[in-house]
Amino acid sequence: MPEFEIIHAKPEPAEYAAIRAACGSTPISEDLAARALGGTTALVCIRQGGDLIGFGRVVGDGALFFYLQDVLVHPDHQGENLGEAIVTALMEEIAKIAPEGATIGLMSTPGNEGFYENHGFRIRPNDDHGAGMSQIVGG
């Protein structure tokens, strides 16, 4: 089995759309995938034999607010610590550009909160922050 390779280069829109769908996210078109990738501050791809098997990106203003988004590991490779490698690499990229006092946030999938706590994230609400909130357009 080929080794895993961590790459800091955008995947093709079709690859991004495909790994999202494989991981259970809402299917998107290649055009929408290209637009989404264009709004990325930092990213990491994990490839094996050229295939995209893991992906994560950071979105935000690139100055004060950074959000981990699309931390995805293809179902065939889950349980191989690739999510750990993705988040570690993204946090290293954020550390290069984020000033002291910047906010790094995310929305965990249910049951994965502990994974992110291991990377220094805190569950909300807590003494410093209220509950996180979101809204889905058209939903």
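How many salt bridges does a search of the whole structure find? The search finds 5, a salt bridge being a side-chain nitrogen of Lys or Arg within 4 Å of a carboxyl oxygen of Asp or Glu. The structure is a predicted model, in which local features need pLDDT of at least 70 and side-chain atom pairs count only at pLDDT 80 or more, whereas totals for chains, interfaces and linings use all residues. Residues are numbered from 1 along each chain as its sequence is written, and side-chain values use heavy atoms, with hydrogens and water left out.

Side chains of opposite charge can pair when their charged atoms come close. One of the salt bridges joins D70 to R57, with an N to O distance of 2.8 Å. This pair links distant parts of the chain, D70 lying in strand β4 (residues 65-73) and R57 in strand β3, 13 residues apart. Helices (H or I, at least four residues) and strands (E, at least two) are DSSP runs, numbered from the N terminus. Both D70 and R57 are buried, where buried means under 20% relative accessible area, exposed over 50%, and partly exposed in between (1.4 Å probe, protein chains only). Salt bridges also link R20, R57 and D70 in a network.

A further salt bridge is formed by E93 and K96, whose closest N and O atoms are 2.9 Å apart. Because E93 and K96 are 3 residues apart in helix α3 (residues 82-97), about one helical turn separates them. K96 has a relative accessibility of 62% and therefore counts as exposed. R122 and D128 likewise form a salt bridge, with 2.9 Å between the closest N and O atoms. Of these two residues, R122 counts as partly exposed at 48% relative accessibility, and D128 counts as exposed at 55%.

Strand β2 (residues 42-48) is largely enclosed by the rest of the structure, because 7 of its 7 residues are buried. From β2, the residues A42, V44, I46 and Q48 point one way, while L43, C45 and R47 point the other way. Two strands are taken to pair if DSSP finds at least two bridges between them. Strand β1 (residues 4-7) runs antiparallel to β2 and is joined to it by 4 bridges, with I7 opposite C45 in β2. Strand β3 (residues 51-60) also pairs with β2 in the antiparallel sense, over 7 bridges, and here V44 stands opposite G56 in β3. The strands β2 and β3 form a hairpin with 2 residues between them, and G49 in the turn has a positive phi of about 60°.

The structure holds 0 disulfides, a disulfide being a pair of cysteine sulfur atoms within 2.5 Å. C23 is in no disulfide, and the nearest cysteine sulfur, that of C45, is 13 Å away. C23 is partly exposed, with a relative accessible area of 26%, whereas C45, at 0% relative accessibility, counts as buried.

Rolling a probe the size of a water molecule over the atoms shows where empty space is left. Grid points are joined across faces, edges and corners, and a volume is the space filled by probe spheres set on the points.

The largest pocket has a volume of about 990 Å³. It is lined by 30 residues, of which D70, V71, L72, M107 and T109 are the closest to its centre. At least two lining residues come from each of α1 (13-22), β4, α3 and α4 (113-117), and β4 gives the largest share, 6 residues. By class, this lining has 13 nonpolar, 13 polar and 4 charged residues; Ala, Val, Leu, Ile, Met, Phe, Trp, Tyr, Cys and Pro count as nonpolar, Asp, Glu, Lys and Arg as charged, and the others, Gly among them, as polar.

The second largest pocket holds about 780 Å³ of space. Among the 23 residues that line it, G105, L106, F121, R122 and R124 are the closest to its centre. The elements β4, β5 (103-105) and α4 each supply at least two residues of this lining, which has 10 nonpolar, 9 polar and 4 charged residues.

How values were computed: 1 Å grid on protein atoms, 1.4 Å probe; cavity = no way out; pocket = protein on both sides within 12 Å on 5 of 7 lines; lining within 4 Å.
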